[in-house]
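Please read it alongside the structure shown here.

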Amino acid sequence: MLIGAHVSTAGGLAKAVARGEQLGCDSIQIFNQSPRMWRPTAYGEEDFAAFREAMDRSRVSAVIIHAVYLINCATPDRTLRRKSLASLTHALRIGDAINATGVVLHPGARKDAPLGPAIGRAGKVIGAAVAESEACPVLIEQMAGHAGILGHTFDEIAALTEAAGGGDRVGMCLDSCHLFVSGYDITTIGAIGDVLDEADAKVGLDRLRALHINDSKVPFGANLDRHENLGKGEIGGRSLGLFLSEPRFEGLVATLETPGPAKQGPVRGDIAYARRLRSLGVKARDRSRAGSSG
Ligand SMILES: [Zn+2]
């Protein structure tokens, strides 16, 4: 598992690699532009080359792009949908240029509009963005379950994937906090296994390319997206360790999006702590196996 964090690109794309390095990350997640503005940052081939060189010299071996928050692929508003397509396509092309593992996407908001057509609209935009870019996958993020937001259940992610054409560039990103607040129990070895069995049956675990590792400020099933530092929230360190040590997550990119001790993002100690929780999870799994076989 490539454990890392969301880092800033202030000062240039390649600076994000240096920040990841300072934090002791094996992977990073970045925004390809300011996530609350439509205006794209004008990166050129030199920026991409500098980024790839920085990655080559670094222990950071994978990068995830998080798409802009303004994107709403499901909206009935044609203008907003067109802007969303342009922005998602732009992010995927940057993903192609820097060999990103994928572009994480919030699949959309339908507000009061009916579910089926909203999924159809979102799928069409996602499929079009994939067709207009080369290789970088779109990773549909499993959401926290606010009313009207698409993608908090595996059924919806499966329907979105199919509506997007179902090709192998349509992937998925799971977030420990979002799963928990959406009512997916990830607090025991057995429960995590059941959740992944369901994800596999409905979406396919071959589509799972990235994880977000966050604790939750709010209780199980609360349907609110409130990230907390690992071990300080309602999921707790022990369960996060079991989540991180799930064998089917082996080799995945897993980034923290926690507030950090100063609410400025995770610090070096947070990344080290995630690795420690993971190894405690591995030990707990070994003990549980020994117990059940003896
Ligand atoms: Zn997200």
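1. Eleven salt bridges are counted, the rule being a side-chain nitrogen of Lys or Arg within 4 Å of a carboxyl oxygen of Asp or Glu. The model is predicted, so local features need pLDDT of at least 70 and side-chain atom pairs pLDDT 80 or more, while totals for chains, interfaces and linings use all residues. Residues are numbered from 1 along each chain as its sequence is written, and side-chain values use heavy atoms, with hydrogens and water left out.

2. Arginine 278 and glutamate 250 meet in a salt bridge with an N to O distance of 2.9 Å. Arginine 278 lies in helix α9 (residues 268-293) and glutamate 250 in the loop between α8 (237-244) and β10 (253-256), 28 residues apart; helices (H or I, at least four residues) and strands (E, at least two) are DSSP runs, numbered from the N terminus. Glutamate 250 is exposed at 51% relative accessible area (buried means under 20%, exposed over 50%, partly exposed in between; 1.4 Å probe, protein chains only).

3. Salt bridges with shared partners join Asp197, Glu246, Arg248 and Arg285 into one network. Within the pair of glutamate 246 and arginine 248, the closest N and O atoms are 3.2 Å apart. Glutamate 246 is buried, at 4% relative accessibility, whereas arginine 248 is partly exposed, at 37%.

4. Lysine 202 forms a salt bridge with aspartate 155, with 3.2 Å between the closest N and O atoms. This pair links helix α7 (residues 189-202) to helix α5 (residues 154-163), the partners being 47 residues apart. Lysine 202 is partly exposed at 35% relative accessibility, and aspartate 155 is partly exposed at 45%.
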